[in-house]
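Biologist: Hi! Could you walk me through this model?

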Amino acid sequence: MNWTGLPKPIIGLSPMADFTDSPFCRLVREYACPPLAEGEAVIFREMLAAEAIVRGNKRTLNYLAFSQAERPLVQQLFGSDPEAMAKAAQVVMDTSGPDGIDVNMGCPVYKAVSNFNGASLMREPNKAAAIVRAMKSTNSLPLSVKTRLGWSREEEIVDFAQMLEQAGVDAIEIHARTKVQGYSGKANWSAAKKAVDKVKIPVLINGDIVDPLSAQEALSQSGAKGLLIGRGALGNPWIFKRIGSVLSGQPDPGEPSLDERLKGLRRHAELQAEYYGEQGLVKLRKHFPWYFKGIPGFRRFRALAVRISTMDELDKLITVISTGTK
Ligand SMILES: Cc1cc2nc3c(=O)[nH]c(=O)nc-3n(C[C@H](O)[C@H](O)[C@H](O)COP(=O)(O)O)c2cc1C
């Protein structure tokens, strides 16, 4: 993969810890392809700790696995030590061999920032640059950085993006909020424009992109070369086809019907069971609220949904929902 050579606008699945695992990424890939060109949607896998990878932590290494169907796939890493980040990138390259590596410089949670990684790297541009340079010097995979507009001010991204480009980064993804905002307020896509205009590498805009209209607005207000979709894809793998169609000048296929949504959920369950075995359906429960968002009267089925642990139980729930809501 080559960030500059990818067809524009680039459309990607944003990394989401606990959600963007192999089954969900495969599901997105299955629904994303037509009418997008094969492989056009880039899958970002959630952040993994560089230190844990370097230590050979089995659980973390297991998270690296992906199926070929998920390509092009970018593995995200987090950490604050340039040497550990470079070593971890090498392990990732030799173990799973993704199409790109991404560094998390935007995570706002206390656990990350108190360890001087995630969004706190925005306050330490020298360290951020050292991480990028160390990773670039030992790794031939394309390297991107996912960050925010700033720690507390939206203008911070302008200098930060230029610094990242000079250090050798191949692409930048900007969640259009500051660290201080967390997830509150509305993403300010236009605040990313000054940074987009100052760098030559592709910038992907992120935050609150939930349908074709918001995708068009985010791209036109930021001038970005692509976008990443996070929560808008949960329980909604169809979003890539909708956005891809509209951005390539085709009609919007529209929201999926209830039957299509239930079929998508069932396919997700099959992929979960294939990947996790018995635990697959239990692990799927956290996705239910996203699949059932907006289904009238879903509250009535919630008690049933939180107990699902087998495919038979899921099939019963699907039957109850599709008959109960008609
Ligand atoms: C449950 C959850 C987990 C997340 N995990 C990560 C992560 O591992 N790495 C990362 O860079 N961003 C992570 N994010 C942030 C998203 O990738 C994205 O930047 C943010 O949700 C804004 O985009 P959206 O409005 O399209 O969801 C996470 C967000 C959520 C909701």
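Modeller: Happy to; we can start with the sheet and then turn to a helix pair. This is a predicted model, where local features need pLDDT of at least 70, side-chain atom pairs count only at pLDDT 80 or more, and totals for chains, interfaces and linings use all residues. Residues are numbered from 1 along each chain as its sequence is written.

Biologist: Great. Which order do the strands of the barrel run in?

Modeller: The closed barrel has eight strands with parallel pairing, in the order β1-β2-β3-β4-β5-β6-β7-β8. Strands are DSSP runs of E with at least two residues, helices are runs of H or I with at least four, numbered from the N terminus, and two strands pair if DSSP finds at least two bridges between them.

Biologist: How many bridges join β2 to β3?

Modeller: Five, between parallel strands β2 (residues 41-49) and β3 (residues 73-78).

Biologist: Now the helices. At what angle do α1 and α11 pack?

Modeller: About 140 degrees, with the axes of α1 (residues 22-32) and α11 (residues 258-276) 9 Å apart. Axes are lines fitted to C-alpha atoms, for helices over the stretch in contact, and angles run from 0 to 180 degrees between N-to-C directions.

Biologist: And which residues in α1 meet α11?

Modeller: Ser22, Pro23, Arg26, Leu27 and Tyr31 do, and their α11 counterparts include Leu271 and Tyr275. Contact here means C-beta atoms, placed from the backbone, within 7 Å.

Methods
Contact = placed C-beta atoms within 7 Å.
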